[in-house]
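The sequence and the model are shown first.

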Amino acid sequence: MAASPKHYVWFLVYFCSLLIIIQGAKYVSNLGPLCMKCLCHASTSCNVSFGCQRGYCGPFYIPRHYWVDSGRVTLPDDDPDRDNAFADCSRDYMCSQKIVENYMAKWGMDCNRDGVTDCNDYAALLFYGKDECEKSLSSTNFGRRYATCNPSSGIPLLV
């Protein structure tokens, strides 16, 4: 007896859920790979060798309080209480991406009040933080870089 399509769907849902649990990843609606690449591009032109300047670190230009709000993510086998845990994670692309994902999972909201939480809202959250994300990005360098790759604009990211 062959399995029905319904059984395959349930298997895929179960399997994907298991993968998310095993990897400790969080699913954040509308925060896909194109959005993450664009957020990185808007932050530092996705400069993965960007160190720390004025308290902001890594390719996503993450401040320490953002890291704390995201759950103090660390590199594998690191201790969040270690002095350089924040800087080391923020300078690593995959670890800093996890910081952004956790922050968006915790604080994601419809910042521009257009009825959908999407990459435009995540860009404002990344730049302004949870308390001021309703502000416009248009007059900022971040906003100008974001406009060149905004996933909802249909412009392909060429970085």
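## Ser96 and its surroundings

The side chain of Ser96 reaches the backbone oxygen of Tyr93 at 3.0 Å, a polar contact (a pair of N or O atoms within 3.5 Å; within protein, one must be able to donate a hydrogen and the other to accept it, and residues adjacent in sequence count only if both atoms are side-chain atoms). The model is predicted: local features need pLDDT of at least 70, side-chain atom pairs count only at pLDDT 80 or more, and totals for chains, interfaces and linings use all residues. Residues are numbered from 1 along each chain as its sequence is written, and side-chain values use heavy atoms, with hydrogens and water left out.

Ser96 lies in helix 5; helices are DSSP runs (H or I, at least four residues), numbered from the N terminus. With a relative accessible area of 0%, Ser96 is buried, where buried means under 20% relative accessible area, exposed over 50%, and partly exposed in between (1.4 Å probe, protein chains only). Apart from neighbours within four places in sequence, Ser96 is in contact with Pro59, Phe60, Ile62, Cys89 and Ser90, contact meaning heavy atoms within 4.5 Å.

## Helix 5 against helix 6

Helix 5 (residues 93–107) and helix 6 (residues 119–128) have axes that come within 11 Å and cross at roughly 105°. Helix 5 is therefore roughly perpendicular to helix 6. Axes are lines fitted to C-alpha atoms, for helices over the stretch in contact, and angles run from 0 to 180 degrees between N-to-C directions; those of 65 to 115 degrees count as roughly perpendicular, under 35 as roughly parallel, over 145 as roughly antiparallel and the rest as oblique.

On the helix 5 side, Val100, Tyr103, Met104 and Trp107 meet Tyr122, Leu125 and Leu126 of helix 6. The residues of this contact divide into seven nonpolar, no polar and no charged. Ala, Val, Leu, Ile, Met, Phe, Trp, Tyr, Cys and Pro count as nonpolar, Asp, Glu, Lys and Arg as charged, and the others, Gly among them, as polar.

Helix 6 is mostly covered, with seven of its ten residues buried: Cys119, Asp121, Tyr122, Ala123, Ala124, Leu125 and Leu126. Their cover includes helix 2, helix 3 (64–69), helix 5 and helix 7. At the N-terminal end, Asp118 caps helix 6 through a side-chain oxygen 3.1 Å from the backbone nitrogen of Asn120.

## Disulfides

The whole structure holds six disulfides, each a pair of cysteine sulfur atoms within 2.5 Å. Numbered in sequence order, the bonded cysteines of the chain pair as 1-10, 2-12, 3-4, 5-6, 7-8 and 9-11. Among the six are the following.

| Pair | S to S | S-S torsion |
|---|---|---|
| Cys35 and Cys119 | 2.0 Å | about 90° |
| Cys38 and Cys149 | 2.0 Å | about 85° |
| Cys52 and Cys57 | 2.0 Å | about 115° |

The torsion of about 90° makes the disulfide of Cys35 and Cys119 right-handed. This pair links distant parts of the chain, Cys35 in helix 2 (residues 33–44) and Cys119 in helix 6, 84 residues apart. Cys35 is buried at a relative accessible area of 3%, and Cys119 is buried at 6%.

The disulfide of Cys38 and Cys149 is right-handed. Its two cysteines are 111 residues apart, with Cys38 in helix 2 and Cys149 in the segment after helix 7 (141–147). Both Cys38 and Cys149 are buried.

Cys52 and Cys57 form a right-handed disulfide. Cys52 counts as partly exposed at 38% relative accessibility, whereas Cys57 is buried at 2%.
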